[in-house]
Amino acid sequence: MIEMIYTASTWILPALIAITMHEAAHGWAAMKLGDDTAFRAGRVSFNPLRHVDPMGTVILPALLLIARAPFLFGWAKPVPVDFGRLNNPRRDMVLVAAAGPGINLLLAFVAALLYHAVSWLPDAPAEWVADNLQNAILLNLVLAIFNLIPIPPLDGGRIAVGLLPDALALPLARLE
């Protein structure tokens, strides 16, 4: 039981940060590019509660942890974006979609840098902090790579739709 609590404590913080920053990045990018829909909905926020989907963010990941699954999976509420309100909808859709995986790559990089500072900590918290940072690196890289798969409604699908010629983009967009 103690091992399970320890494991959960080293995944919860990295998961909350990764998911919250991913979704907030979409909303922030959309706001900067002309669509304030997410901002008006309170979704350009670092408050994880604004992004929690009860089933995808809490129940499913908890069940996977309890079952000691070899993977962790979940999702957050998608940030509302009205692509028609963006300054340059086709280009800006790509940038808004790329913002989520982009922030996950940045978070993985920052966690990797911080990992090198763990040795400066006292021994007691050093192991727990190191485990959190290792999980943050892994989780953020997996989130970025998974979300870049070019299938709608994943971010990679939206990026592909924005970059491909119309003859290829339109059939792909219809999948969403």
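Visitor: What makes the meeting of H4 with H6 a contact?

Guide: Contact means heavy atoms within 4.5 Å. On that basis Arg90, Met93, Val94, Ala97, Ala98 and Pro101 in H4 meet Asp155, Arg158, Ile159, Val161, Gly162 and Leu163 in H6. This is a predicted model, in which local features need pLDDT of at least 70 and side-chain atom pairs count only at pLDDT 80 or more, while totals for chains, interfaces and linings use all residues. Residues are numbered from 1 along each chain as its sequence is written, and side-chain values use heavy atoms, with hydrogens and water left out.

Visitor: How do the residues of the contact of H4 with H6 divide by class?

Guide: There are 8 nonpolar, 1 polar and 3 charged residues. Ala, Val, Leu, Ile, Met, Phe, Trp, Tyr, Cys and Pro count as nonpolar, Asp, Glu, Lys and Arg as charged, and the others, Gly among them, as polar.

Visitor: Why are H4 and H6 called roughly antiparallel?

Guide: Angles run from 0 to 180 degrees between N-to-C directions, and the axes are lines fitted to C-alpha atoms, for helices over the stretch in contact. H4 and H6 pack at about 155°, with their axes 8 Å apart. Angles under 35 degrees count as roughly parallel, over 145 as roughly antiparallel, 65 to 115 as roughly perpendicular and the rest as oblique. H4 and H6 are therefore roughly antiparallel to each other.

Visitor: What is the handedness of the crossing of H1 and H3?

Guide: That crossing is right-handed, whereas H4 passes H6 in a left-handed crossing. A crossing is left-handed if the near helix is turned anticlockwise from the far one by less than a right angle, and right-handed if clockwise. The axes of H1 and H3 come within 11 Å and cross at roughly 145°.

Visitor: What makes a region a pocket?

Guide: On a 1 Å grid over the protein atoms alone, a pocket is an open set of points where a 1.4 Å probe fits, with protein on both sides within 12 Å along at least five of seven lines; lining residues have an atom within 4 Å of a point. The largest pocket has a volume of about 1400 Å³, a volume being the space filled by probe spheres set on the points, which are joined across faces, edges and corners. Of its 47 lining residues, Ile19, Phe73, Gly74, Trp75 and Leu143 are the closest to its centre.

Visitor: Which helix supplies the largest share of the lining of the largest pocket?

Guide: H1 does, with 13 residues. Helices (H or I, at least four residues) are DSSP runs, numbered from the N terminus.

Technical notes:
Helices (H or I, at least four residues) and strands (E, at least two) are DSSP runs, numbered from the N terminus.
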